[in-house]
Amino acid sequence: MTQTRAALRPTVLTALLAALLAALLSVLLAPAPASAASLQEVTGFGSNPGALKMYRYVPDGLPAGRPVVVALHGCTQNAAGYASGTGWTTLADRWGFSVVLPQQQSGNNLSQCFNWFESADTKRGQGEAASVAQMVDRQLADVSGDPSRVYVTGLSAGGGMTAVMMAAYPEKFAAGGIVAGLPYGCAQAAGTAYVCMFVGATQTPAQWGDRVRAARPGYTGPWPALTVFQGTADYTVRPANMTALVDQWTNVHGADRTADVSDTVAGHPHRVYHGPAGNAVVETYSLTGMGHGQPVDPGSGDAQCGAAGAYFLDVNLCAAYRLGKAWQLG
């Protein structure tokens with residue numbers, strides 16, 4: 001019996017070694033997993049009169065006919081940081097849409113702010129506004145996106161440029177999301193961008209609405225719906241600007257300024273204004289105690305997204321997720 005066991009030992013050892021070798025080879029020879037999508041720069045997207053850079057994020061295997069979101073960074077930021085910090089790329093993978101990320105260049109603005117206050121960059125067919133519009137056209141062509149489901153959003157100066165795109169190119173966007181931004185034509189009304197930011201311009205709702213209507217002469221609609229996120233403790237872009245945005249876009253939509261829905265979301269006051277047809281045309285989130293930045297809610301929960309950092313503020317509410325749900329992206 002002892003001899004039999006001894007004789008079996010080499011056989012067992014050999015079998016074990018063979019099994020380990022086979023397992024190792026299966027790992028080494030297995031095909032590498034497909035790499036995840038990454039941010040890509042796109043050149044030659046048009047005449048680019050605003051001299052901007054175009055980046056985009058397209059999830060692997062994205063089918064035709066999917067929505068497009070244009071996301072505009074704030075001052076001192078860039079496309080890559082805004083893409084990840086906001087959570088837009090995570091949601092793009094989850095829900096299946098592509099993201100266009102314009103990027104400002106220091107040659108246009110030393111602080112890399114989009115020039116929402118310069119008339120040469122805020123009119124249809126000119127400057128940075130025209131560059132962003134060309135990016136939209138290129139993206140729709142490249143990914144066979146749904147032209148009826150294009151959305152635009154941005155933070156701070158990017159929020160100001162979001163208002164520009166909604167006013168100057170309303171036919172291109174189903175809706176917009178402005179985070180700590182400003183109404184269209186504010187600098188013209190106030191005489192300076194700083195008055196808009198730190199105080200707010202004084203205009204009637206009709207005057208605000210007229211500025212939007214003048215940006216696209218003869219256009220009768222439909223106009224993009226608007227969602228606004230604003231911190232109550234924002235001393236860079238004062239909350240008065242959210243009030244002006246509500247005045248401006250309810251007037252454009254022919255809605256009154258009495259909220260049809262008043263509730264709280266994640267503890268923050270939330271208002272919805274309906275148009276004459278009963279649909280939501282303006283929506284606001286007043287982020288209690290939040291300073292200047294993009295609302296995020298880091299974590300793995302269904303409603304969570306974004307990463308906390310400079311100008312990405314954890315307030316238990318992710319603006320990108322709320323916008324995505326309002327736009328029925330997922």
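**View 1. The disulfides of the chain.**
The predicted model holds three disulfides. With the bonded cysteines numbered in sequence order, the pairing reads 1-2, 3-4, 5-6. The views that follow take the links in turn, with sulfur separation, torsion, location in the chain and accessibility.

**View 2. The disulfide of Cys75 and Cys113.**
The sulfur atoms of Cys75 and Cys113 are 2.0 Å apart, and the two residues form a disulfide. The link is right-handed, with 125 degrees about the S-S bond. This pair links distant parts of the chain, 38 residues apart. Cys75 sits in the loop between β3 (68–72) and α2 (79–86), while Cys113 sits in the loop between β4 (98–103) and α4 (119–122).

**View 3. The disulfide of Cys186 and Cys196.**
Cys186 is joined to Cys196 by a disulfide with an S to S distance of 2.3 Å. The pair counts as a disulfide because the sulfur atoms lie within 2.5 Å. About the S-S bond the value is -120 degrees, and the link of Cys186 and Cys196 is left-handed.

**View 4. The disulfide of Cys305 and Cys318.**
Cys305 and Cys318 form a disulfide in which the sulfur atoms are 1.8 Å apart. The link is left-handed because the torsion about the S-S bond of Cys305 and Cys318 is about -95 degrees. Distant parts of the chain, 13 residues apart, are linked by this pair. Cys305 is placed in the loop between β11 (294–296) and β12 (312–314). Cys318 is placed in the loop between β12 and α11 (319–326).

The relative accessible area of Cys305 is 4%, so Cys305 is buried. Cys318 has 1% relative accessibility and therefore also counts as buried.

How values were computed:
Residues numbered from 1 in each chain as written. Predicted model: local features only at pLDDT ≥ 70, side-chain atom pairs only at ≥ 80, totals over all residues. Heavy atoms only, no water. Helix = DSSP H or I, 4+ residues; strand = E, 2+ residues; numbered from the N terminus. Buried < 20%, exposed > 50% of the residue type's maximum accessible area, 1.4 Å probe, protein only.
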